[in-house]
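Here are my notes on the model you sent over. Have the structure open while you read.

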Amino acid sequence: MRKIAFVLGLCIALFAWVRPGSGRGVELASLHDAGGISGAIHALFLTPDEAARIEPGNDVHPGVRPVKAVPGLVEVVLTPFSAKIDGRIGHYDLGRWPFENAPPMSAAYADPRGFVEVTPENASLHVSEHFTLGEFVTKNQSNLWPKYIVLEPRLLDKLELTIAKLKETGHPVRNLFVMSGFRTPDYNALDLGPKARSKVSRHMYGDAADVYPDDHGRGVMDDLNGDGRVDLADARILADAAEAVEREHPSLVGGIGIYPANRIHGPFVHIDVRGKRARWNG
């Protein structure tokens with residue numbers, strides 16, 4: 001009911017926000033991120049040009065701000081990719097994308113269209129019902145602000161729908177813990193485990209996350225099947241929920257990888273929306 005009320009309120013408020021004659025010369029379709037398939041997305045991710053079309057005559061700057069017409073909705077105006085100079089924005093190190101300034105192997109590997117600026121003030125801001133901006137920041141440069149991330153709304157949608165599917169199938173988790181969200185190319189190049197990370201990791205494109213349910217805050221996946229153990233059987237329940245989401249919503253197709261526990265972490269599942277099916281065991 002909460003999601004339905006939010007979506008109805010969102011539709012009514014957005015219609016008023018872009019109604020004919022309002023001076024905001026933009027079609028509602030351009031606000032495609034709002035709500036999402038799940039009805040749980042609370043942010044509009046816009047380039048400066050897109051934001052300027054919504055607010056003609058206003059001086060639009062990158063940043064995150066509430067949409068006054070829609071309580072609970074935020075407008076995320078991206079910092080352009082061109083703001084990255086010599087691998088960084090300001091003092092924040094990002095690095096170079098695999099096909100930067102060169103033809104990518106496919107559209108899925110094109111340079112990101114921009115970055116979300118994350119500050120101490122907006123890190124706790126919910127961009128969807130269950131997820132905040134700060135959950136997706138790269139795990140290094142911890143004391144350096146602002147940080148910059150790439151975050152695709154379709155990933156948020158898939159994660160939200162996966163939570164809903166877990167509840168629907170008898171596993172009422174409250175959230176998914178994001179073990180790893182966006183990775184800068186520089187961070188992705190670090191070999192921190194027994195296997196080197198992919199040089200074209202989806203984490204660099206903001207449409208992937210390594211997640212597990214941890215409602216008890218123990219730093220490890222919950223025992224989803226109730227057998228007294230936390231193992232790959234629990235990870236498969238999470239992966240099956242993401243698989244069911246893809247079957248119901250082909251536009252969210254992507255990668256699902258199941259990883260076992262090791263000496264550093266417990267089991268987890270990689271979920272992405274790369275645009276084509278990929279399956280593996282880590």
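1. Ground rules first. This is a predicted model, where local features need pLDDT of at least 70, side-chain atom pairs count only at pLDDT 80 or more, and totals for chains, interfaces and linings use all residues. Residues are numbered from 1 along each chain as its sequence is written, and side-chain values use heavy atoms, with hydrogens and water left out.

2. Look at P98, in the loop between strand 6 (92–93) and strand 7 (114–118); strands are DSSP runs (E, at least two residues), numbered from the N terminus. Beyond its neighbours within four places in sequence, P98 contacts K199, V200, M204 and Y205 (heavy atoms within 4.5 Å). M204 is 106 residues away along the chain, yet the two C-alpha atoms are 9.3 Å apart.

3. Now the rings: there are 10 aromatic pairs (Phe, Tyr or six-membered Trp ring centres within 6.5 Å; planes under 30 degrees apart are stacked, over 60 edge-to-face, the rest tilted). F99 and Y109 are edge-to-face, because their planes meet at 70°, with centres 6.3 Å apart. F177 and Y212 make a tilted pair, at 5.2 Å and 45°.

4. Is Y212 buried or exposed? Y212 is buried, at 6% relative accessible area, while F177 is partly exposed at 40% (buried is under 20%, exposed over 50%, partly exposed in between; 1.4 Å probe, protein chains only).

5. Finally, charges. R202 has its charged end over the Y109 ring, 4.8 Å from the centre, and K147 lies over the face of W145 at 4.4 Å (Lys NZ or Arg CZ within 6 Å of the ring centre and within 35 degrees of the ring normal).

Terms used:
Helices (H or I, at least four residues) and strands (E, at least two) are DSSP runs, numbered from the N terminus.
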